[in-house]
Amino acid sequence: MPPGPWKSCFWVGGLLLWLSIGSSGDAPPTPQTKCADFQNANLFEGTVLKVQFLLFVPSNPSCGKLVEGSSDLQNSGFNATLGTKLIIHGFRVLGTKPSWIDKFIRTLLRAANANVIAVDWIYGSTGIYFSAVKNVFNLSLEISLFLDKLLVLGVSKSSIHIIGVSLGAHVGGKVGQLFRGQLGQITGLDPAGPEYTRASVEERLDAGDALFVEAIHTDTDSYHYLLCDHMRAVDLYISVLENSCPLMAFPCASYKAFLAGHCLDCFNPFLLSCPRIGLVIQGGVKIEPLPKEVKVYLLTTSSAPYCRASFLTSRNSISSCGNGNHNHLLQRINSHHSLVEFHMKELRNKDTNIKVTLLSSNITSSVMITIPKQQWQGKGIIAHATPQCQINQVKFKLRSSSRVWKKDSTTIVGNFCTALLPVHDSKNTVCLPEPVNLQASVTVSHNLKIACV
């Protein structure tokens, strides 16, 4: 782990001391840079709110300056002509500094020429979760008063971007409400669930809290909010900022519908401008006015850099695919979503489940697609860590029936096609040239040739 600000400051001081001892004459000592760091609290005193604002600037991204009033800001390198980004952490079980905060700040300053202010409310967020929730309103007031000082220095409301993690996302929402939704942007990274799943819009992060609001959920299937550090959303965002994994998402009614391949483009409501995670204006959406609230979905890998190639798998004699321009865009940004389809030659009176696996060198990705009884086609979304044109093989396995006392001799025949998302027409659909013959519980492999765009 890289050294924290205090450790960096100590070694700089040691070097300056050695130089002054080794030199002759009465030259005045070189002034040392004083860096501030997060507080540490314990379970007994950590519920009492005590807030610090730490400023980090591009010229010295590892050294925080404690700023309270306008004079502190003016004397610490704050530049009112740049954008300002506030990072607000969430609940801290043990009262320690967030393990991710130093890397987040450094990466953010490399990605954007901006002022970065870390809101340290370790005191107030430690110990008992529900005590931390009670501190949200008072913390929001303190942050809004601090932002008022920035406005006095000439900072515009629209240039302020709040990034809140877990409970900090709802703090950001409350601050945005206090400014009547006129702040530039709020990004919520895994907004906290407990006490907020049924909260009113006045109590939680909401679409109206800023000119642009994005909430990124990576743990919607499990709610270990009291113990987890919400590192997945933070790591995902850092990965995007490092430009190693820009990610594109697709509007859909639900995650289940997205995985089933029902949402293949961004025409409605974004007119083909698919939203992206990261420091892009309005999330990459290029329509005006913005829709009030839209749910979008994407697939990632389980570890950094989180990029996946997503493919819609379908066994189909007729399939659709993305056009050339959008394929090129997806290749460039390393976000690979694809459709896979299977089209049956004959109808069946029972559901048909087929495992589809895409392979490129030593990387594999799989998805189970279901063809409902008396229907011709099944499809789904599959993710892969390499561009679609590097996929060289596809494997199929027809799931057998659950009757263990009788061997399943089922055989089916169908056509398989795949297409890169977003899908707007059928120009770039790739289909296997021959029908696929499958027998229950038997793996069948076919070579797959996809041209690089």
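This is a predicted model: local features need pLDDT of at least 70, side-chain atom pairs count only at pLDDT 80 or more; totals for chains, interfaces and linings use all residues.

Me: How many of the residues of helix 3 are buried?

Reply: A general point to begin with: an α-helix has 3.6 residues a turn, so residues three or four places apart point the same way. As for helix 3, which spans residues 101–111, eight of its 11 residues are buried, leaving it mostly covered.

Me: Next, the largest nonpolar core: which residues touch the most other members?

Reply: The general idea is that nonpolar side chains tend to be buried together in soluble globular proteins. Here the largest nonpolar core has 37 residues, and Ile 143, Leu 147 and Leu 167 touch the most other members. Several elements supply at least two residues each, including strand 1 (50–57), strand 4 (114–121) and helix 7 (167–178). Helix 6 gives the most, with six residues. Looking past sequence neighbours up to four places away, Leu 147 touches Leu 86, Ile 160, Val 175, Phe 179 and Leu 183. Another core, of 29 residues, lies apart from this one; Ala 41, Leu 54, Val 116 and Ala 233 are among its members.

Me: And Thr 352, is that buried or exposed?

Reply: For a single residue, take the accessible area, then the neighbours. Thr 352 has a relative accessible area of 1%, so it counts as buried. Thr 352 sits in strand 12, residues 352–360. Its side chain makes a polar contact of 2.8 Å with that of Arg 348. Beyond four places in sequence, Thr 352 touches Met 344, Ile 369, Thr 370, Ile 371, Leu 398 and Ile 412.

How values were computed: Residues are numbered from 1 along each chain as its sequence is written. Side-chain values use heavy atoms; hydrogens and water are left out. Helices (H or I, at least four residues) and strands (E, at least two) are DSSP runs, numbered from the N terminus. Buried means under 20% relative accessible area, exposed over 50%, partly exposed in between (1.4 Å probe, protein chains only). A polar contact is a pair of N or O atoms within 3.5 Å; within protein, one must be able to donate a hydrogen and the other to accept it, and residues adjacent in sequence count only if both atoms are side-chain atoms. Contact means heavy atoms within 4.5 Å. A nonpolar core is a set of buried Ala, Val, Leu, Ile, Met, Phe, Trp, Tyr and Cys residues joined through side-chain atoms within 4.5 Å.
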